[in-house]
Amino acid sequence: MNLYGMQGKVALVTGGTSGIGAATARLYGQAGCKVLVVGRDAVRGQAVADEIAAMGAQAAFHRADLAIDSAAAEIVDAAVRRFGGLDIAFNNAGYRESNALVGDQSIEEFDAVMRLNLRSVFLCMKAQIAAMKARGGVIVNNASVSAIRNSIPGLSLYAASKAALVSLTRTAAMEYAGQGIRINTVAPGRIDTPMVRSNTAIDLAKVGATQPAGRLGTEDEAAQAVLWLSSPASSYVIGHTLCVDGGFLAQ
């Protein structure tokens, strides 16, 4: 199925072993992309790649820890070696601190959040842009509605890292729009993912009931937005933050 005209494109997904990353990787496969799934968990990552291959698309898993600086260039090189280039990158890997007030957060936790949510994306973009300069491409960075309005006390570091990511994305989008590289951000709201479910301080049923949509979003709903931003259907969308939030920011 040549969904959105993406047949044969090479797509890279970080944090692709579960949640929105895995859902997006599957959609890329359904659209006919060649998909490199990146993550730390080899068992889950290979399972996602196998699912995509079962659809008839080409897919592979590459184990990498993006908290290590050298991993960014490594995964781009892996995509180019395996599939001959890079057309699409979804920078989805992220980390959220344990709930605590700002005054109780440690420097180590601050560094861990910023390293994965901001520094690693910066390094990934550098490598991805270098690979795309000759052929053009699309980069989608995964932020959060918390970058715009954080309603969860105790997650200040996560919100700050995602706000910085939105700003980085906008500037990079302006810098490279004229070179055929489109860069945008997706900002999911309250989506039912393993990361969200792991936050025991949040009553998910209560949070879902307070959303205008009356529920939490699904991984696939967020992934569909990433797919659109990655496709020629959004060809005039540059430097945008697409909120997939069930009306959260409209309240």
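Student: Leaving aside its neighbours within four places in sequence, which residues is T17 in contact with?

Tutor: This is a predicted model, so read every value as computed from it. T17 is in contact with A22, V37, V38, G39, R40, D41, R44, G45, V48 and F61. T17 itself lies in the loop between β1 and α1.

Student: Why is T17 called buried?

Tutor: Its relative accessibility is 12%. Buried means under 20%. So T17 counts as buried.

Student: What makes D65 partly exposed?

Tutor: D65 has a relative accessible area of 26%. D65 is in the loop between β3 and α3. Beyond four places in sequence, D65 is in contact with R40 and A71. R40 is also among the contacts of T17.

Student: What is K34 called, buried or partly exposed, and why?

Tutor: K34 is partly exposed, because its relative accessible area is 23%. The buried class needs a value under 20%. K34 lies in strand β2, residues 34-39. Apart from residues up to four places away, K34 touches G8, K9, V10, A11, Q58 and F83. The C-alpha atoms of K34 and A79 are 9.2 Å apart, at 45 residues along the chain.

Student: And N92, buried or exposed?

Tutor: N92 counts as buried, because its relative accessibility is 12%. The loop between β4 and α4 holds N92. Its contacts, sequence neighbours within four places aside, are T14, G15, I20, G21 and N142.

Student: Which residues of β4 point one way, and which the other?

Tutor: I88 and F90 point one way, A89 and N91 the other. All of these are buried. In a regular strand the side chains alternate between the two faces of the sheet.

Student: What makes β1 and β4 a pair?

Tutor: The criterion is at least two bridges between the strands. β1 and β4 have three, in the parallel sense. So they pair. V13 stands opposite F90 in β4.

Student: How do you know that β4 and β5 pair?

Tutor: They share four bridges, again against a threshold of at least two. So they pair, and the sense is parallel. In β5, V140 is the bridge partner of F90. From β4 the chain crosses through helix α4, residues 107-132, to β5. This β-α-β crossover is right-handed.

Student: How do you know that the span of helix α5 agrees with what it should be?

Tutor: Helix α5 has 21 residues, 156-176. At 1.5 Å a residue they should span 30 Å. The end C-alpha atoms are 30 Å apart, so the two agree.

Student: What do the buried residues of α5 pack against?

Tutor: They pack against α4, β5, β6 and β7. The buried residues are L157, Y158, A159, S161, K162, L165, V166, T169, A172, A173 and Y176. In an α-helix, residues three or four places apart point the same way, because there are 3.6 residues a turn.

Student: What should helix α8 span?

Tutor: Twelve residues, 219-230, should span 16 Å. The end C-alpha atoms are 16 Å apart, so the span agrees. Buried in α8 are A222, A223, A225, V226, L227, L229 and S230. These pack against α1, β4, β5, β6 and β7.

Student: Why is L27 called buried?

Tutor: L27 has a relative accessible area of 4%. The limit is under 20%, so L27 is buried. L27 lies in helix α1. L27 touches D220, A223, Q224 and L227, residues up to four places away not counted. L27 and G103 are 41 Å apart, C-alpha to C-alpha.

Student: What makes R149 sit over the ring of F248?

Tutor: The charged end of R149 is 4.5 Å from the ring centre. The distance limit is within 6 Å, with an angle within 35 degrees of the ring normal. R149 is listed as sitting over the ring. The charged end of R190 also sits over the ring of F248, at 4.7 Å from its centre.

Student: How many aromatic pairs are there?

Tutor: The count comes to zero. A pair would need ring centres within 6.5 Å.

Key
Residues numbered from 1 in each chain as written. Predicted model: local features only at pLDDT ≥ 70, side-chain atom pairs only at ≥ 80, totals over all residues. Heavy atoms only, no water. Phe/Tyr/Trp six-rings, centres within 6.5 Å; stacked < 30°, edge-to-face > 60°. Buried < 20%, exposed > 50% of the residue type's maximum accessible area, 1.4 Å probe, protein only. Right-handed = clockwise from strand over helix to strand, strands pointing away. Contact = heavy atoms within 4.5 Å. Expected span 1.5 Å × (residues − 1).
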